[in-house]
Amino acid sequence: MAFYIGYFLLLAILIALIVLAVATVYFALHGAPYANTYMERVEEMMQLSGVKKGERAVDIGSGDGRVVIALARRGAEAHGYEINPLLVLWSRYKIRRAGLSKQAYIHLQDMWRHDYSDFDLIVSCQITYMMGRLEKKLRREMKPGARVVSNYFRFPTWRPAKVKGYVYLYRQEK
């Protein structure tokens with residue numbers, strides 16, 4: 001009997017690992033692969049962004065939700081868009097645990113399918129090959145005076161208003 005329990009446990013772990021591997025490859029092909037941002041860099045992003053209480057902010061490709069939580073802790077209505085359902089569940093759990101459920105929201109949605117015209121601040125940590133397409137989308141959709149903070153990766157033609165290390169602040173012209 002113990003042999004069968006061990007066998008089924010091993011089979012369940014193997015199936016879970018295969019599902020996780022397939023999901024990781026699928027989501028990496030449909031966007032930037034997940035890479036967490038160190039909290040020191042998140043703090044730099046918050047400082048450079050100048051996020052204020054009452055602003056609407058969004059993290060596109062929000063990963064584990066740490067940027068959304070940081071935005072909400074500074075008083076913003078913070079949203080995150082993430083395509084990986086496992087990261088969405090983890091982010092929502094972290095938001096509940098932080099007591100921020102009334103001001104921080106994670107949406108299971110492809111970031112390319114959302115219109116960002118109603119946000120004051122957009123935070124992004126995408127990968128080089130996505131930055132040109134993202135620049136065009138944001139310039140088309142952002143309202144005048146809105147800001148973008150990009151972690152590590154620069155837009156190809158948009159000149160940053162401020163730079164702090166590898167964090168770039170962009171402003172939509174009025």
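Student: Where does V167 lie?
Tutor: V167 lies in strand β7, residues 167–171. Strands are DSSP runs of E with at least two residues, and helices are runs of H or I with at least four, both numbered from the N terminus. The model is a predicted one: local features need pLDDT of at least 70, side-chain atom pairs count only at pLDDT 80 or more, and totals for chains, interfaces and linings use all residues. Residues are numbered from 1 along each chain as its sequence is written, and side-chain values use heavy atoms, with hydrogens and water left out.

Student: Is V167 buried or exposed?
Tutor: V167 counts as buried, at 0% relative accessibility. Buried means under 20% relative accessible area, exposed means over 50%, and partly exposed is in between (1.4 Å probe, protein chains only).

Student: What does V167 touch?
Tutor: Leaving out residues up to four places away in sequence, V167 touches R41, E44, M45, L48, V149, S150, N151 and K162. Contact means heavy atoms within 4.5 Å.

Student: How many residues apart in sequence are V167 and M45?
Tutor: They are 122 residues apart in sequence. In space, their C-alpha atoms are 6.3 Å apart.

Student: M45 again. Which residues of α2 and α3 make the contact?
Tutor: Geometry before residues. Helix α2 is residues 39–49 and helix α3 is residues 66–73; their axes come within 10 Å and cross at roughly 45°. Axes are lines fitted to C-alpha atoms, for helices over the stretch in contact, with angles from 0 to 180 degrees between N-to-C directions. The two helices are therefore oblique to each other. Under 35 degrees counts as roughly parallel, over 145 as roughly antiparallel, 65 to 115 as roughly perpendicular, and the rest as oblique. From α2 the contact takes M39, V42, M45 and M46; from α3 it takes R66, V67, A70 and L71.

Student: How many nonpolar, polar and charged residues in that contact?
Tutor: Seven nonpolar, no polar and one charged. Ala, Val, Leu, Ile, Met, Phe, Trp, Tyr, Cys and Pro count as nonpolar; Asp, Glu, Lys and Arg as charged; the others, Gly among them, as polar.

Student: Why is α3 largely enclosed by the rest of the structure?
Tutor: Seven of its eight residues are buried, so α3 is largely enclosed. The buried ones are R66, V67, V68, I69, A70, L71 and A72.

Student: What covers them?
Tutor: The cover includes α2, β1 (56–60), β2 (77–82), α4 (85–97), β3 (104–108) and β4 (121–124).

Student: Next, L100. Buried or exposed?
Tutor: L100 is buried, with a relative accessible area of 9%. L100 lies in the loop between α4 and β3. Residues up to four places away in sequence aside, L100 touches I69, A72, R73 and I95.

Student: New topic. What is the phi of Y152?
Tutor: Positive, about 75°, although Y152 is not a glycine. Most residues other than glycine have a negative phi. Y152 lies in the loop between β5 (147–151) and β6 (162–164). Y152 is partly exposed, with a relative accessible area of 44%.

Student: And which residue takes a positive phi just after α3?
Tutor: G75, at about 95°.

Student: Zoom out. How many helices and strands?
Tutor: Five helices and seven strands. From the N terminus on, the order is α-α-β-α-β-α-β-β-α-β-β-β.

Student: How much of the protein is buried?
Tutor: Buried residues make up 43% of the 174 residues.
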